[in-house]
Amino acid sequence: MTAKSTTHSSHWGAFTAVVQDDKLVITPFAGDPDPSPILKNFENALNHKVRIATPMVRRGWLENGPGPDERRGSDEYIAISWEEAYALAAGELSRVARAHGPAAVFGGSYGWSSAGRFHHAQSQVHRFLNTTLGGYVRSVNSYSSGAASVILPHIVGDMNEIARRGVSWEEISEHTELLLSFGGLALKNSQVASGGLSEHTERGFIHKAAQRGTKFISVSPLQSDMPDEADAEWLPIRPGTDAALILGLLSVLKANALTDEDFLARYCVGWDKLVAYLQGKEDGLVRDASWAAEICGIDAERIEKLAVELAGKRVMVSVAHALQRAEHGEQPVWLGLVLSAALGQPGLPGGGYGYALGALGHYGKHHNRVSFPALPQGKNGVKDFIPVARIADMLLNPGQEFRYNGQTLRYPEIKLAWWAGGNPFHHHQSLARLRQAFNQLDTLIVHEIAWTATARHADIVLPATMTLEREDVGGAPTDRHLIAMQPVARPFGEAKDDYSIFAELAKRLGREEAFTEGRTARQWLEHLYQQMQEKCEQQHISVPDFSTFWEIGQIPLPQLKDGGRLLRNLRLDPDKHPLPTPSGKIEIFSQTIADFNDADCPGHPVWLEPTQKPDDEHPLFLIANQPATKLHSQLDYGHHSVSLKRDGREVCLMHPQDARVRGIQVGDTVAISNVRGTALASVDISEGIRPGVVQLPTGAWYDPVDPQAARPTCRHGNPNVLTLDVGTSSLAQGCCGQITTVNVARYQGTAPAVKAFEPPVILTR
Ligand SMILES: Nc1nc2c(c(=O)[nH]1)N[C@H]1C(S)=C(S)[C@@H](COP(=O)(O)OP(=O)(O)OC[C@H]3O[C@@H](n4cnc5c(=O)[nH]c(N)nc54)[C@H](O)[C@@H]3O)O[C@H]1N2
Ligand SMILES: Nc1nc2c(c(=O)[nH]1)N[C@H]1C(S)=C(S)[C@@H](COP(=O)(O)OP(=O)(O)OC[C@H]3O[C@@H](n4cnc5c(=O)[nH]c(N)nc54)[C@H](O)[C@@H]3O)O[C@H]1N2
Ligand SMILES: [Mo]
């Protein structure tokens, strides 16, 4: 008998899967024009030795009870039964809640988990803590767009409207004459979208636009950030200096009377204040092309020429998420908008500002008229929160004040953290500091599919099923297909899905009904589907019933073509469609932000010198960007990810000049170091990176030689041992993981073997 092929979905694409002769065979969704190679990471994932088979408790925690402990990250684990695990976890949660209240529980649980919308682990944690404890300390914003999501509402009124609901690829391919991209439009990034994507269309649209005559210009330290199809001009900028470049461009436009003064007067406020700053009216410093060239490393003549080239054309300006994941990351986001406004482009077909276009497969897509509902999370009665990337600050400095979006807030005192569906030892900066922070906790509880570094720091580890082992519904508001995610394999070992784990825990806390509402996982899927069906009916959209949907595996959903509507409507009638900003216009100057009085984010965009700049000891910039071979740290042990490592290590990229002076050759192992630690990586050498810059993608599982070291060495190549754990500014407190400074040297002797995918020592009783 041949096994039945099932439909499924992931953040990197929809597919069908079947187990044949004990091998998992994955076939991309038939309608996908450009499927992602990341699908191959599933092939060996189901039974990999690094998966977690049973619940585990950390030895030090079991022996000594809850409390701060330096052994987290290097301790042994004891395999226990589910009954024991439920008793320990429910007991500890009750203890902490009784002794300290729900405001001592951190449930932010940031992370991408898997594509299924019901088993979305982070939503499950939130619902569990709300329904059992009445709340928890949460986190706001994201590692993706920490700075942008705070600044954009102030200056244009809404982030979503100019990012996910921005000008569409379709419109760009038909109308745009020049696409000026800061940070590129890498296809490695747009192959991913949360909730899944059934069609990868970016390559096709970029090709179509280029064929029609769109000129692409990529401002980025890495040439490969722009796909070959764009046939782009590459301006290799010094990392972290785009704000200065844009100020220079604005100066040239103004000096040559190339700005659209009508647009600036009608639809914007504060241009005069920015002009005064450009001309040095406040401080005598003129921010012209030569000033900018000095900072950003692009010739003054090229800056002058670029400004002139932009004027009078249908121009789209895009700014990648990456630029704002750095000190003062708010500024390039603000200035990208100002540049498009100075050119008079917002609201014109194929023109204006596309924040994060190309960074994810959601952007530039049309929106579904109706989307699949999210799992309701209940009500959180705790008011304390942190900007998501301030986790280590919170754990290390309880009670300390911090600034955020004009407010002065205080870090709560956390005793217990609960994490499911995220990997802080992937996503956070300065990992030695993060370890110190987690060591302050009484208890860390983690649900994971495999022994990530986060699981290795947990006190109670609960083994979760991976997506292929359960049923769910995959879909994104920007994807034309809703996918029935049918199980392909039985759960690994004793793994259970996050919902079942929480349902059992809720039962022990006397809150089962509140958490489950009496539904099994399948009944929740039917319930959520039915809600969508009702919304469809109201809009006269016909969709089949749940059982038919499940049988056929996928259904198409009708879409709206309303991308870019916010600025188009503003242009149509600013009185009828004012922006949701205080002035109703684009805020080149924001009185609100000015009144916050934070020197690191004043009332109009500025160039502020970062602390992270090369010096004698750290002569090179490090770019720590998204990995091409996987999503974040997920399935790093998968075939595709492993096949592109070398000696089991992540590969970094250097310019030939930088390699030559250090005696480094392709394939050498190098030590990338700074005051915070060292990452070992294998080297590739290419002219496609700006001299003075090294690139090491994120995603290699943290694998410290000595986990307790103050300056750890990661033998696998995780760049977050090196990155700096500070907020972007007092305004947004976003993550600054993208850029730091380092030294690079050839590794002398035999480099230690990578052990990231070997489980910790497990004792059985
Ligand atoms: N230096 C630097 N750092 C960065 C960035 C950068 O540019 N530079 N980028 C940042 C960005 S934009 C982001 S979004 C973050 C991403 O950070 P994360 O979202 O935390 O990274 P993931 O690897 O996706 O973590 C998801 C985890 O959930 C687990 N998982 C998957 N499915 C399930 C499930 O069903 N149940 C449970 N319980 N677990 C599951 C996976 O095994 C994995 O460990 O990283 C950030 N970190
Ligand atoms: N394959 C894959 N795709 C992904 C992800 C993944 O993990 N894997 N993660 C997804 C997620 S959650 C997010 S938020 C997005 C993130 O989207 P981004 O943050 O935009 O992605 P990155 O790859 O980190 O950065 C894009 C490029 O910006 C360039 N860059 C870095 N610093 C600067 C700078 O100062 N100036 C300029 N001009 N350019 C700079 C780098 O060369 C880098 O390759 O990606 C998504 N897509
Ligand atoms: Mo992200």
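Me: On what basis are the values computed?

Reply: This is a predicted model, in which local features need pLDDT of at least 70 and side-chain atom pairs count only at pLDDT 80 or more, while totals for chains, interfaces and linings use all residues. Residues are numbered from 1 along each chain as its sequence is written, chains are lettered from A and ligands numbered from 1 in the order in which they are written, and side-chain values use heavy atoms, with hydrogens and water left out.

Me: Why is Arg314 called partly exposed?

Reply: Buried means under 20% relative accessible area and exposed means over 50%, with partly exposed in between (1.4 Å probe, protein chains only). Arg314 has a relative accessible area of 22%, so Arg314 is partly exposed. Arg314 sits in the loop between α12 (300-310) and β12 (315-319); helices (H or I, at least four residues) and strands (E, at least two) are DSSP runs, numbered from the N terminus.

Me: What does Arg314 touch, not counting residues up to four places away in sequence?

Reply: Contact means heavy atoms within 4.5 Å. Among the residues that Arg314 touches are His175, Glu177, Gln345 and Pro349. Thr452, by comparison, is 138 residues from Arg314 in sequence and 47 Å away in space, C-alpha to C-alpha.

Me: What makes β16 and β17 a pair?

Reply: Two strands pair if DSSP finds at least two bridges between them. Tyr404 has Gln407 as its bridge partner in β17. The hairpin of β16 and β17 has 2 residues between the strands, and Asn405 takes a positive phi near 50 degrees.

Me: Why are β6 and β33 said to stand at the edges of their sheet?

Reply: The open sheet has 7 strands in the order β6-β18-β19-β20-β4-β5-β33, with mixed pairing. β6 (105-106) and β33 (762-763) each have a single partner strand, so one side of each is left without a neighbour in the sheet. β6 is joined to β18 (residues 416-420) by 2 bridges, and these strands run parallel. Within that pairing, Val105 has Leu416 as its bridge partner.

Me: What makes the largest nonpolar core a core?

Reply: A nonpolar core is a set of buried Ala, Val, Leu, Ile, Met, Phe, Trp, Tyr and Cys residues joined through side-chain atoms within 4.5 Å. The largest has 162 residues, and Leu152, Leu339 and Tyr355 have the most contacts inside it. Helix α8 (residues 242-255) gives the largest share of this core, 9 residues.

Me: How many residues of domain 1 and of domain 2 are in contact?

Reply: Domain bounds come from an automatic or database domain assignment. That assignment gives domain 1 (56-143 + 376-383 + 395-401 + 408-422 + 434-556) and domain 2 (167-363). 11 residues of domain 1 are in contact with 11 residues of domain 2, and 39 Å separate the domain centres, taken over C-alpha atoms.

Me: Where does UniProt place "domain: Molybdopterin dinucleotide-binding"?

Reply: The unreviewed UniProt entry gives this annotation to residues 620-735. UniProt positions are in the numbering used here, feature names are shortened, and annotations may be inferred rather than shown by experiment. The chain over residues 620-735 is 9% helix and 24% strand.
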